[in-house]
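Biologist: Show me the model, please. I want to know what stands behind each label you use.

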Amino acid sequence: MENSKKKEALRAVKFTLFSASAGIIQMGSFALLNELLHLPYWLSYLIALVLSVLWNFTLNRKFTFKSATNIPIAMLKVACYYAVFTPLSTLLEHYLTTTLGWNEYLVTAINMILNFVTEFLYQRFFVFGKSIDTAEK
């Protein structure tokens, strides 16, 4: 039982570190798209989100969850999560920045935290739940 708790704690740490690296990719690409290319805010956010999702999914499937599950099916499950999360977070971003005048980077960080928590739970229990630690070493 104790070994199981250590494994889950290590899994959470790995997910956190990979999510942080995905966050760096998201913020960096958002800054480039928003500040240098002057794309509309929502488009900068959306492109940056997709880049970070691809990075995060790839690393977490291989190293955090060590899953041998069917990659297209797992990615489809993640796409379903983002089919809900992305429009809701984009609307939230638009409302908070445009209507309430909040700082774009603060709002992006808030959405990243919401994404971090909900995505960990979704991937841990739904996407990879039955296939954790099935990949060969």
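Modeller: A helix here is a DSSP run of H or I with at least four residues, and a strand is a run of E with at least two. This is a predicted model. By that rule the protein chain reads α-α-α-α along the sequence.

Biologist: What share of the protein chain is called buried?

Modeller: Buried means under 20% relative accessible area. Of the 137 residues, 36% are buried.

Biologist: Why is Leu 106 called partly exposed?

Modeller: Its relative accessibility is 45%. The partly exposed class lies between the buried limit of 20% and the exposed limit of 50%, so Leu 106 counts as partly exposed. Leu 106 sits in helix 4.

Biologist: What makes the nonpolar surface patch?

Modeller: Tyr 95, Leu 100, Trp 102, Leu 106, Ile 110 and Leu 114 make it, over about 540 Å². A patch residue needs over 30% relative accessible area. Leu 106, at 45%, is over that cut-off.

Biologist: Which helix gives the most to the nonpolar patch?

Modeller: Helix 4, residues 104-127, with three residues.

Biologist: Now the inner space. How many cavities of 30 Å³ or more are there?

Modeller: The count is one. The largest cavity holds about 30 Å³. A cavity is a set of points where a 1.4 Å probe fits but cannot get out.

Biologist: What lines the largest cavity?

Modeller: Gln 26, Tyr 45, Leu 49, Phe 85, Thr 108, Asn 111, Met 112 and Asn 115. Helix 2 and helix 4 each supply at least two of the lining residues. Helix 4 gives the most, with four.

Biologist: What classes does the lining of the largest cavity hold?

Modeller: Four nonpolar, four polar and no charged residues.

Biologist: Why is the other space called a pocket?

Modeller: A pocket is an open set of points, with protein on both sides within 12 Å along at least five of seven lines. The largest pocket has a volume of about 220 Å³. Helix 1 (2-36), helix 2 (41-64) and helix 4 each give two or more residues to its lining.

Biologist: Which residues lie nearest the centre of the largest pocket?

Modeller: Ser 19, Gly 23, Met 112, Asn 115 and Phe 116, out of 17 lining residues. By class, the lining divides into 10 nonpolar, six polar and one charged. Gly counts as polar under this scheme.

Conventions:
Residues are numbered from 1 along each chain as its sequence is written. This is a predicted model: local features need pLDDT of at least 70, side-chain atom pairs count only at pLDDT 80 or more; totals for chains, interfaces and linings use all residues. Side-chain values use heavy atoms; hydrogens and water are left out. Patches are made of residues with over 30% relative accessible area and no salt bridge: like charges are joined within 9 Å, nonpolar side chains (Val, Leu, Ile, Met, Phe, Trp, Tyr) within 5 Å. Accessible areas come from the Shrake-Rupley method with a 1.4 Å probe; for residues, only the protein chains shown count as cover. A salt bridge is a side-chain nitrogen of Lys or Arg within 4 Å of a carboxyl oxygen of Asp or Glu. Buried means under 20% relative accessible area, exposed over 50%, partly exposed in between (1.4 Å probe, protein chains only). On a 1 Å grid over the protein atoms alone, a cavity is a set of points where a 1.4 Å probe fits but cannot get out, and a pocket is an open set with protein on both sides within 12 Å along at least five of seven lines; lining residues have an atom within 4 Å of a point. Grid points are joined across faces, edges and corners, and a volume is the space filled by probe spheres set on the points.
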